[in-house]
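Me: Got a model open and want a quick tour. Can you walk me through it?

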Amino acid sequence: KQEVTQIPAALSVPEGENLVLNCSFTDSAIYNLQWFRQDPGKGLTSLLLIQSSQREQTSGRLNASLDKSSGRSTLYIAASQPGDSATYLCAAEGNTDKLIFGTGTRLQVFP
Amino acid sequence: DVKVTQSSRYLVKRTGEKVFLECVQDMDHENMFWYRQDPGLGLRLIYFSYDVKMKEKGDIPEGYSVSREKKERFSLILESASTNQTSMYLCASNLDRVRTEAFFGQGTRLTVV
């Protein structure tokens, strides 16, 4: 059974810092891995989707990488801003068509 | 813009009531999902549907049922609401065949008193 883990659970950094969020999964037979952002009390917003055949995806200041063999994905945020403060969730999709979520990393960027 | 819309942002219901949570997507997606989200437990899948009138149990289906009579609409039903069903409920959809990204609604915060 797929299990997804995110470390750290919480992170607080000063504005301008580059940071890395980690996501690990136990079953490497995934179709894709997706990163989401969630603001307090809101739904999830899709950030990046990496297909299993890809190594990374980029959108603006965000870069996500995928290493299936080691069961890891990272989300890199460049030049962090207070508006980046949110919970970041990763989710792995396998052959069951279901997304399996990690419990998230709560990020706070202070001015 | 793609859109998944949940009928209510906040709901307060009494124990024993039958509760309907509605979700509509305008992207012609085959797959639709219902999750609940609780502190410390993350998102857990309740039910999902990969076609009209088709449904599959997720990890925590007990106490819930679903209905998908039209492709764009997926309803979650709490047959007899209980206080342990107080939670944030999230609906999502994606396009099946090419494993595309999932889109989520804004969430429904349900409180059962």
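This is a predicted model: local features need pLDDT of at least 70, side-chain atom pairs count only at pLDDT 80 or more; totals for chains, interfaces and linings use all residues.

Me: How many residues of chain A are in contact with chain B?

Reply: 21 residues of chain A are in contact with 24 residues of chain B. The area buried between chain A and chain B is about 1800 Å². Carbon and sulfur atoms give 51% of that area.

Me: And how many salt bridges across the interface of chain A and chain B?

Reply: Zero by the rule used. Polar contacts do turn up: six residue pairs between chain A and chain B.

Me: Which elements of chain A give two or more residues to the side that touches chain B?

Reply: Those are β4 (32–38), β5 (44–51), β9 (86–93) and β10 (99–101) of chain A. By class, that side of chain A has seven nonpolar, ten polar and four charged residues.

Me: Switching to the sheet. What's the strand order in the open sheet of chain A?

Reply: β1-β3-β8-β7-β6, five strands with antiparallel pairing. β1 (4–7) and β6 (56–59) of chain A stand at the edges with a single partner strand each, so one side of each has no neighbour in the sheet. On average, neighbouring strands are turned by 15 degrees against each other, direction ignored.

Me: Over how many bridges do β3 and β8 of chain A pair?

Reply: Six, in the antiparallel sense. Within β8(A), Tyr76(A) stands opposite Val20(A).

Me: Last one. Where does Val113(B) lie?

Reply: In the segment after β11 (108–112) of chain B. Beyond its neighbours within four places in sequence, Val113(B) is in contact with Val12(B), Lys13(B), Arg14(B) and Thr15(B).

Technical notes. Residues are numbered from 1 along each chain as its sequence is written. Chains are lettered from A and ligands numbered from 1 in the order in which they are written. Side-chain values use heavy atoms; hydrogens and water are left out. Contact means heavy atoms within 4.5 Å. Buried area is the accessible area (1.4 Å probe) that two parts lose on being put together, summed over both. A salt bridge is a side-chain nitrogen of Lys or Arg within 4 Å of a carboxyl oxygen of Asp or Glu. A polar contact is a pair of N or O atoms within 3.5 Å; within protein, one must be able to donate a hydrogen and the other to accept it, and residues adjacent in sequence count only if both atoms are side-chain atoms. Helices (H or I, at least four residues) and strands (E, at least two) are DSSP runs, numbered from the N terminus. Ala, Val, Leu, Ile, Met, Phe, Trp, Tyr, Cys and Pro count as nonpolar, Asp, Glu, Lys and Arg as charged, and the others, Gly among them, as polar. Two strands pair if DSSP finds at least two bridges between them. Axes are lines fitted to C-alpha atoms, for helices over the stretch in contact, and angles run from 0 to 180 degrees between N-to-C directions.
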